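Hi,

Here is the structure I promised to pass on.

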Amino acid sequence: MDLKAWVREVPDHPISGILFKDVTSVIGHPPAFRAAVDWYTNQVERVNPEILAAIDARGFVFAAPVADRLGIPMVLLRKTGKLPPPVVQVEYSLEYADASNLEARIGAVDAGQRVAVIDDLLATGGTAVAASKLVEELGGTVVAHVFLIELAYLNGRARVLDHDAKCEVLANVVYD
Ligand code: AMP
């Protein structure tokens with residue numbers, strides 16, 4: 001299935017100049033959602049992680065069924081203030097916002113665990129690098145970042161690989 005056909009484009013959201021890619025239209029159409037989860041599952045299976053790290057909030061939607069299908073645990077990387085202590089925190093910026101924070105529960109990843117990070121979309125890569133830093137703080141190793149959508153013109157892939165050249169960056173729908 002061509003999943004690009006199910007991504008709704010919303011100009012000037014959440015701020016002027018941003019072309020927002022809305023994945024709720026993928027989630028809301030069962031065959032498209034099934035195809036997306038199938039794709040994520042295949043990509044994740046290939047890199048053989050021991051645990052998934054899902055990014056708040058759309059990453060949760062795609063990661064949960066993959067964790068269930070593969071029978072592996074999932075850790076939530078959440079926006080600040082959502083998780084009870086003890087947490088580790090990393091500051092980052094993303095395409096349409098500066099100075100956000102991502103947090104994870106201390107102890108959520110075991111030392112040396114292979115981690116696949118799941119999010120819906122790769123833009124500038126700021127969020128993905130923050131996720132990598134959090135996983136590293138917890139003692140894990142990121143083996144892949146998996147996205148449904150990549151905005152290739154923002155060069156997020158290069159930023160992620162600059163942080164860690166060994167991890168894989170995988171995306172289904174790419175906008176050049
Ligand atoms: P970035 O850190 O710039 O790679 O931004 C990625 C994060 O912000 C992801 O969690 C996306 O859900 C969200 N995001 C950034 N840009 C967009 C966009 N144009 N459309 C939809 N979501 C976006």
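The side chain of arginine 58 has an N or O atom 3.3 Å from an oxygen atom of the ligand, which makes it a polar contact (a pair of N or O atoms within 3.5 Å; within protein, one must be able to donate a hydrogen and the other to accept it, and residues adjacent in sequence count only if both atoms are side-chain atoms). Aspartate 120 brings a polar side-chain atom to 2.7 Å from a ligand oxygen. On its own the ligand has 480 Å² of accessible area, and the protein covers 97% of that (Shrake-Rupley method, 1.4 Å probe; for residues, only the protein chains shown count as cover).

Before you go further: this is a predicted model, where local features need pLDDT of at least 70 and side-chain atom pairs count only at pLDDT 80 or more, while totals for chains, interfaces and linings use all residues. Numbering runs from 1 along each chain as its sequence is written, and side-chain values use heavy atoms, with hydrogens and water left out.

Which residues come nearest to the ligand? Glu95, Asp119, Asp120, Thr124 and Thr127, out of 18 around it (a heavy atom within 4 Å). That shell has eight nonpolar, five polar and five charged residues (Ala, Val, Leu, Ile, Met, Phe, Trp, Tyr, Cys and Pro are nonpolar; Asp, Glu, Lys and Arg charged; the others, Gly among them, polar). Strands S2 (19-22), S5 (87-94) and S7 (114-122) and helix H4 (126-138) each supply at least two of the shell residues (DSSP runs numbered from the N terminus: helices are H or I, at least four residues; strands are E, at least two).

The ligand takes up the space of the largest pocket (more than half of its atoms lie within 2 Å of the grid points). S7 gives the largest share, four residues. By class, the lining has 15 nonpolar, five polar and seven charged residues.

Last, some backbone details. The peptide bond from histidine 13 to proline 14 is cis, omega near -5°. Proline 85 and proline 86 are also joined by a cis bond, with omega about 5°.

Cheers

Definitions and conventions: On a 1 Å grid over the protein atoms alone, a cavity is a set of points where a 1.4 Å probe fits but cannot get out, and a pocket is an open set with protein on both sides within 12 Å along at least five of seven lines; lining residues have an atom within 4 Å of a point.
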